[in-house]
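Here is a short briefing on one protein model. It covers aromatic ring pairs and then a pocket.

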Amino acid sequence: MNTKLIGAFGEQVAARYLRENGYIILAANYFTGVGEIDIIAQKKKEICFVEVKTRKDGGMFSPADAVDYRKQENVKGSAAAYMNKFSLKNKMRFDIIEVLVSDTGELSSINHIKNAF
């Protein structure tokens with residue numbers, strides 16, 4: 001499975017996980033001039049901007065380690081653009097969902113890090 005397919009699989013798994021846990025998916029792969037947000041979801045009145053990182057199981061680093069300062073700033077800027085575009089005043093949160101897959105491409109685990117940055 002190539003990296004684009006692994007990433008798409010991880011985003012599908014993350015969206016399903018969020019829906020199963022009471023979130024409403026507002027947008028996926030939302031692009032702005034600043035960057036992209038993998039998933040925008042809402043639970044109650046809070047808007048969650050979710051970065052999904054999918055990796056093969058057994059790596060030396062956690063998937064969340066790939067969300068560096070620059071990526072965080074891009075997500076924050078894109079989130080501000082989204083909130084402004086739709087004139088939203090909701091509380092915001094920035095999460096990371098780590099999706100680990102086996103060598104055969106099957107789901108190994110999901111880790112939802114709330115308020116990751």
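Five aromatic pairs turn up in a search of the whole structure. The model is predicted.

**Ring pairs**

- Y30 and Y82 have ring centres 5.0 Å apart and planes at 90 degrees, so this pair is edge-to-face. An edge-to-face label needs an angle over 60 degrees.
- This pair connects distant parts of the chain, with Y30 in strand 1 (residues 24–31) and Y82 in helix 2 (residues 69–85). The two residues are 52 residues apart.
- Y30 and Y82 are both buried.
- Y82 also pairs with F49, again edge-to-face. Here the centres lie 5.9 Å apart, with 80 degrees between the planes.
- The F49 and Y82 pair joins strand 3 to helix 2, across 33 residues. Both of its members are buried.

**Ring cluster**

- Ring pairs tie Y30, F49, Y82, F86, F94 and F117 together in a cluster.

**Largest pocket**

- The largest pocket holds about 290 Å³ of space.
- Its lining has 13 residues. G7, V52, K53, T54 and R55 lie nearest the pocket centre.
- Helix 1 (3–20), strand 2 (36–43) and strand 3 (46–56) each contribute at least two lining residues.
- Strand 3 gives the largest share of the lining, six residues.
- By class, the lining has eight charged, three polar and two nonpolar residues.

Terms used. Residues are numbered from 1 along each chain as its sequence is written. This is a predicted model: local features need pLDDT of at least 70, side-chain atom pairs count only at pLDDT 80 or more; totals for chains, interfaces and linings use all residues. Side-chain values use heavy atoms; hydrogens and water are left out. On a 1 Å grid over the protein atoms alone, a cavity is a set of points where a 1.4 Å probe fits but cannot get out, and a pocket is an open set with protein on both sides within 12 Å along at least five of seven lines; lining residues have an atom within 4 Å of a point. Grid points are joined across faces, edges and corners, and a volume is the space filled by probe spheres set on the points. Helices (H or I, at least four residues) and strands (E, at least two) are DSSP runs, numbered from the N terminus. Ala, Val, Leu, Ile, Met, Phe, Trp, Tyr, Cys and Pro count as nonpolar, Asp, Glu, Lys and Arg as charged, and the others, Gly among them, as polar. Rings of Phe, Tyr and Trp (its six-membered ring) pair if their centres lie within 6.5 Å; planes under 30 degrees apart count as stacked, over 60 as edge-to-face and the rest as tilted. Buried means under 20% relative accessible area, exposed over 50%, partly exposed in between (1.4 Å probe, protein chains only).
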